[in-house]
Structures are given as C-alpha cells and as structure tokens.
Amino acid sequence: MGDAFGLMKDVPRQGGLGPRSSGAWTSSGTYDHPAAGWGAAITVGEVLVKQRLPLAGTRAMFTMNQRKSGFDCPGCAWPDDRGVALDICENGIKHVTWEMTHKRVGKEFFAAHSVSELAEWTDFDLEDAGRLVGPMAYDADTDHYVPISWNDAFRTIAHHIQALDSPDQAAFYTSGRLSNEASFLYQLFARELGTNNLPDCSNMCHEGSGRGLTASLATGKGTADLEDWQTCDALFVLGVNAASNAPRMLTTIAEAIDRGAQVVHVNTLREAASGSTIVPHEIVDMATFHATPTSTMDLQVRPGGDLALVRGMAKVVFETSETDPTALDRDFLARYTDGLDEYRALVEATSWDELVEQSGLTEAEIRGAADVYLSAERTVISWCLGVSQHRHGVDTVREIVNLLLLRGNVGRKGTGPSPVRGHSNVQGNRTCGINHKPTEDWLAKLDEVCGIVSPREPGLDTVHTVAALHRGDLKVFVGMGGNFVRAAPDTALTAEGMSRTDLTVHVSTKLNRSHIVHGKAALILPCLGRTERDEQESGLQSISTEDAMSSVMLSLGSRRPASPHLLSEPAIIAGIARATMPASRTPWEEYVADYDRIRDTMAEVLPGFEGFNELVRQRYGFRIPQPARERDFRTPSGKAEFSRAELPNVIPEEADVLVLQTMRSHDQWNTTIYSADDRYRGIRNIRELVFMNRRDMRERGIAEGDLVDIVATSLDGSVRSVTAFRALEYDTPRGSAAGYFPEMNVLLGPDDYSRQSDQPLMKDIRVRIAKTA
C-alpha cells in the first residue's frame with residue numbers, strides 16, 4: 001500500500017490487507033457470464049475442498065436457513081425464501097466454512113508470534129490463522145498475548161471500567177453478527193452502567209436510510225417484505241451489486257423477470273447483477289446453461305445522482321397527471337400524506353437541465369424509468385450503500401419515499417421502500433436497543449421493566465467514537481465482533497486513537513487487525529460461532545436474528561464448538577456486567593442459564609415482541625408489526641411526510657477532481673478478504689487498484705495497469721493519499737472512480753461524514769489521481 005499509513009506519526013504498524021500475491025495480477029475488465037450459476041457452484045466446491053470440509057460443509061449447506069433445526073446464515077440479511085429448499089449462496093458458504101476451519105489459534109500460536117511480528121502480517125493471514133480457542137491478555141513486557149482465565153478477564157475489564165471518571169469514557173461497539181438476545185443484554189449493560197456510547201456498524205452503512213424513513217414514515221425500516229418483492233410489477237434496485245452483496249436476491253429478481261415484472265438497475269458501475277443469472281438450485285437451468293435476464297433497464301448514474309433521477313421521475317408523474325388522472329393516487333394522497341403541494345411546486349421548479357446534469361443521465365433515460373413506474377400497479381424501490389453513503393443520503397431516501405407516495409406504493413401488497421441491509425443481524429441490533437440516540441419511549445420502557453435508570457444524553461456513534469479515541473477521551477473500548485480498526489474511516493487516525501486507550505476488549509471468533517492495534521492493556525475473548533452448539537444450564541440454546549425485512553427467526557447451531565473454552569456472546573456480556581456491577585439487580589446468571597428468560601424480558605420491552613418465545617417458535621418465525629405498513633403514519637402530522645430538499649450539486653467544482661467510491665470485491669465480506677480475486681469484475685490477484693473511466697485515464701496520461709497515486713482533500717482541508725495503486729479501465733461514468741474497502745478507508749478524514757446521517761462518505765471521496773512518479 002505504499003505510504004498509505006505514513007500520514008500520521010507514531011501510528012502502530014498496519015501490515016497489509018489481502019493475501020500475499022502468488023503471481024502476476026490480471027484484469028479482463030469485463031465479465032460476460034451469468035451471475036451465480038456454474039461459477040458460483042464451482043467456487044463453492046473449491047472452498048469446501050480448500051477448507052477440508054467437503055462433508056461438514058455440505059451438511060451445513062442443508063441446515064443453513066432451515067427453520068426449526070437450522071442456523072441463520074452469518075452473512076447477509078436477505079430474507080429466507082420459504083419456497084426454496086436449499087436457500088444458500090456462494091457468499092454464505094464462504095462465510096460458514098471460514099468459521100468452521102480446522103485451524104486453531106491458541107496459546108502456542110501466541111507464544112510463537114509477538115504482536116510486533118503479527119503487525120507485519122496481512123489481514124488475510126491473521127484471519128486465516130484459524131479460530132481463537134481461549135481468552136488472551138496482552139503482556140506489554142513480552143509483547144505477546146498470554147492465556148488468562150475467564151474470571152480474570154472479567155475482573156480486568158471491571159477494574160478498568162470502575163476506574164473511569166465517567167461511564168462515558170467507555171464505548172461499546174457492535175457488529176451485525178450479534179444475536180438479538182446478546183444485543184439486548186449488551187445495551188442493557190451499557191445503560192445500567194450509565195452510557196449511551198453504543199456505536200455500531202449501521203452507523204457506517206444504513207444510518208441515512210433509517211433517518212430518512214423515520215422522517216417520512218415514522219419507521220426506521222423498509223415496509224416491503226419478500227412477498228412484496230415477489231408480487232410487484234416493477235422493481236427498482238439502486239446502488240447495490242446484488243451478485244456480491246446479497247446473492248440470494250438474484251433468485252427473487254430472476255423470478256420477477258420470469259413473471260413479466262420490470263426490473264430497473266441503477267448504479268454507477270455496470271455490474272454482473274444487472275446482466276443475467278443462473279440460479280444454482282434450478283437444476284434444469286444449470287444443466288442447460290439457461291440464463292435469466294436480471295434487468296429490463298440498466299441506468300448508470302453519476303455518484304450521488306440518484307436523487308436527481310428520482311426527482312426527474314416524479315416530474316414525469318406530475319406532468320402525466322395533467323392529462324391522466326390515474327397517474328397520481330389522489331385518494332391516498334389526500335387521506336394519508338402531508339406536504340404534497342409544496343413538493344409538487346419544488347419538482348416543477350426543477351429544470352430538466354439540472355436533472356440531466358446532476359443525474360448523469362439523459363432526459364430520455366429518466367423518462368423511460370418514469371414510464372416503467374407509471375405503467376406498474378405495484379412498485380418496490382430498493383437501495384443500498386450507493387444511496388446512503390453520500391452527503392445527501394437522507395434526502396435521497398426521502399425522495400424515494402416521495403416517489404412511492406405519489407402512486408400509493410406504500411402500505412399495500414407488492415409495494416414499498418426496501419433498503420438492502422448487509423450484515424446478518426444489523427437490523428436486529430437496532431431493534432433490540434443498539435442505538436446511541438435512543439428515544440425517551442424506549443428508555444422509559446426499559447427502565448420500567450428492568451429496574452434501572454438509563455442515561456438520557458445521546459452517546460457516540462462510529463464517526464464520533466473515532467474522534468473521541470483520537471482526543472484521548474475514551475479509556476475503554478469494547479468491540480462485540482467486527483474489526484473496528486479496519487472498518488472505520490480514517491484508518492490511521494482510528495489506529496492511533498485505539499492505541500491511546502487504557503484497555504481494548506474484542507469479542508471475536510478469529511484474529512484480526514483490531515487485536516493487533518490495541519490499548520495499553522488488551523483482551524481477546526473468543527466466542528461461539530453461529531454454527532456451533534450453545535449449551536447452557538437449561539440445555540441447548542437457540543438465538544434469534546432479524547432479517548432485512550423485519551422477520552425474526554430462531555437460529556440453532558449443531559456443530560461441536562471449536563474449543564471447550566469458548567463462551568457464548570450472552571455469557572461473555574453477562575460475565576463482564578456482573579464483574580463490573582456486582583450489586584446489579586439484573587439477573588445476569590439466570591439470563592445466561594436460559595435464553596428464554598432474556599426473550600421474556602425483551603417481550604415486555606420491545607414493541608411487537610409480545611409473546612416473543614411463542615412467536616419465534618412458529619415455523620417461519622414472525623414479522624415485527626409496523627404501523628406504517630398498515631398506513632398508520634405516526635409522524636408529527638399523523639401522515640406520511642413529503643420532503644422538500646433542494647437538489648444537491650454532486651459534481652466537483654475542480655475539473656481534475658474525481659468522485660471515488662469504495663466497495664467490496666466479490667471475494668470479500670466486510671473486512672474479511674477471502675482472496676485477492678474479484679470474479680464479477682474480471683480481477684485476479686490484486687486489490688490495490690482503482691477503477692477509472694477510459695477518457696478520464698487518457699486525459700491524465702494514464703494507461704491500463706499504470707501505477708498511480710491517489711490524493712484526497714478532506715472537508716477539513718487535510719490531505720491523505722495512497723501510492724502505487726494500479727489504474728484499471730472500467731465502465732464507470734466520467735468524473736468517477738472506484739476502489740476497494742478497506743484499502744481506501746485511509747483517504748477519509750475525520751470530518752468526511754454526512755451532516756444528515758453522520759455516516760462516513762465512503763461513496764463520495766473527492767480525489768486527484770496521477771501516475772506515480
């Protein structure tokens with residue numbers, strides 16, 4: 001990565017990210033085959049053989065996402081299709097076999113490798129070392145992690161927290177892997193302790209979606225479910241590459257095409273998901289190589305241009321309504337919405353020249369998308385990080401809702417807004433209280449049921465946790481899953497801040513960079529994986545998760561744990577809580593002995609969870625009730641609210657500046673990198689790259705494969721750079737570029753976040769790119 005981390009002094013060494021190169025890199029620049037299909041099937045076979053899990057991995061395939069007797073995939077949050085017997089995907093198998101590896105990381109491993117040595121390892125090598133098998137504590141004298149008992153680990157945490165001047169000097173981070181039960185206990189501990197410092201991964205991904213939907217509809221979640229996807233006439237998919245981020249979505253999209261629905265993809269990059277697919281469990285299609293198209297229209301907006309596209313579509317709807325009264329659902333608008341006239345005036349005042357310039361599309365393309373919308377009786381609009389990780393992400397989400405409201409596409413079958421959540425239970429985390437800005441209603445109910453007094457001051461989100469770490473305001477950092485140092489923006493600043501803490505604690509299944517960049521004292525606490533049996537005093541335990549469409553289901557692991565010394569996440573949280581707050585009246589031990597007791601308490605606290613234990617044991621679990629889904633809009637006006645945001649300028653003022661977006665490769669899940677390949681983008685054996693438009697490359701004298709330096713100027717005026725990245729041609733709009741997360745996180749400064757959502761601007765980095773001297 002060249003000098004990517006040379007911008008901060010005295011920053012701990014960072015190592016590399018991807019696997020070490022085993023040969024020359026290659027780029028075809030194109031991928032012409034159907035998504036999924038035999039490419040995915042062959043890859044799954046290779047993964048099972050490579051991980052030495054041909055039998056165990058195959059058994060896991062038949063229990064993943066299976067109700068009553070199976071476990072929920074620890075990968076994405078796409079809903080389980082009740083009509084599919086083998087509801088799995090390539091990414092899910094990678095994720096599960098990565099967890100099921102035979103490799104182990106115990107005291108012998110840490111005795112052989114100092115932390116300074118491990119700092120030189122790539123992130124791939126750290127995770128590939130295997131499963132963590134016992135609690136470890138950092139020994140500064142020897143620079144090694146050494147074994148520690150669970151009780152001593154809990155006492156160490158208690159000692160550091162009890163020594164704080166204020167509970168707000170601690171932060172409790174959550175990744176999307178946590179179960180509902182663990183999430184509830186985690187937030188209960190933090191609030192009983194006295195802080196709302198509960199940053200989580202959604203702060204970096206869909207915070208803008210939640211805020212936008214809440215402002216418009218009084219719900220932080222999409223109202224559409226999988227049945228709505230399966231019955232809509234038009235489906236718009238914005239800012240997501242389903243083939244890599246939610247591969248099981250391809251099945252639903254292919255089924256939509258087969259039944260005659262219109263499917264419109266909107267993305268900056270031309271991606272495999274908008275071409276065609278062969279669904280692996282469709283045996284006849286696999287045998288005959290029969291591919292199904294995955295789009296009827298593919299629109300290539302400039303970065304951040306989605307709002308202009310959607311507003312242009314609304315403009316066409318209003319124009320059409322002048323001669324066709326059915327273009328607007330006038331009864332719905334009159335009964336259920338507020339602010340229509342003001343919104344209409346704003347849209348009509350927006351010129352076509354502005355809409356074309358800001359969207360990067362032609363007027364004909366925008367009108368074509370509007371025609372699809374007007375022709376459909378039922379429409380679902382879905383989006384992901386390509387929409388939310390922008391300065392104006394909240395406004396864009398609200399504009400999507402505006403468009404849906406015009407034709408009554410909220411609160412009836414086959415309609416609704418539908419954000420694509422990434423990690424398995426990130427939505428459930430928020431439902432169960434992982435929120436740095438809880439509402440008074442939430443806190444009052446929690447206090448009443450649990451007998452505590454929660455703090456009322458808002459806590460720190462991810463961006464502001466990084467800033468607090470850097471200032472030295474946080475003395476204790478606890479991470480439940482994830483890899484905070486790599487996932488957070490401004491990698492060097494995050495690492496420097498983490499090293500300033502008195503204690504870092506990470507609950508994990510595998511070694512990662514956040515264990516190597518640590519506080520003065522550090523603990524690694526290994527937990528059970530999603531596939532493993534969780535035996536407690538009352539017997540085998542199940543956990544629950546919530547998918548991206550608000551359905552809650554049980555998950556039951558069946559494999560023998562990787563080590564007898566692993567604890568479950570609820571047990572670890574309860575152990576920390578009891579040691580830290582010995583006088584707590586919360587029945588921590590009883591909760592761990594039987595998770596039904598946790599669910600009984602959750603049933604009293606969480607709206608829609610009444611009778612939780614009974615509901616979740618139904619064959620398909622249950623969907624959390626949403627008033628907005630029933631057209632009960634609990635906004636200040638009591639109606640769905642039209643927003644009236646000004647059209648943002650998404651084009652840099654300087655001609656030589658490009659808008660760069662970060663993204664995953666196909667062989668990656670969040671910060672876990674399985675290989676340096678990216679099959680759907682024609683890439684092999686390289687991650688330090690930047691995708692560029694051909695004309696932008698020529699203007700800068702850059703040829704395919706040239707080494708380039710990328711320099712970003714942050715909103716605060718500071719400058720960050722990466723050097724010696726490969727420039728590769730790709731079908732992306734002029735004025736834009738793209739590269740991999742987390743390699744390019746270093747380009748984001750501490751001030752580079754949306755003031756609407758507080759999300760890092762990971763799809764809106766302003767850069768200059770030039771050949772390496």
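Predicted model: local features only at pLDDT ≥ 70, side-chain atom pairs only at ≥ 80, totals over all residues.
Residues are numbered from 1 along each chain as its sequence is written. Local features need pLDDT of at least 70, side-chain atom pairs count only at pLDDT 80 or more, and totals for chains, interfaces and linings use all residues, while side-chain values use heavy atoms, without hydrogens and water.

**View 1. An open sheet of 3 strands in the order 21-22-23, with antiparallel pairing.** Strands (E, at least two residues) and helices (H or I, at least four) are DSSP runs, numbered from the N terminus, and two strands pair if DSSP finds at least two bridges between them. Strand 21 (543-546) and strand 23 (622-623) are at the edges with a single partner strand each, so one side of each has no neighbour in the sheet. Strand 21 and strand 22 (residues 551-555) are joined by 4 bridges; Ser544 has Leu554 in strand 22 as its bridge partner.

**View 2. Helix 13 (residues 249-258), largely enclosed by the rest of the structure.** Of its 10 residues, 8 are buried, meaning under 20% relative accessible area with a 1.4 Å probe, protein chains only. Among them are Met249, Leu250 and Ile257. Gly260, which follows helix 13, has a positive phi near 95°.

**View 3. The lining of the largest pocket.** A pocket is an open set of points on a 1 Å grid over the protein atoms alone, where a 1.4 Å probe fits, with protein on both sides within 12 Å along at least five of seven lines; lining residues have an atom within 4 Å of a point. The lining has 41 residues, with Thr214, Ala218, Thr219, Gly220 and Thr439 nearest the centre. Helix 10 gives the largest share, 6 residues.

Conventions: Buried < 20%, exposed > 50% of the residue type's maximum accessible area, 1.4 Å probe, protein only.
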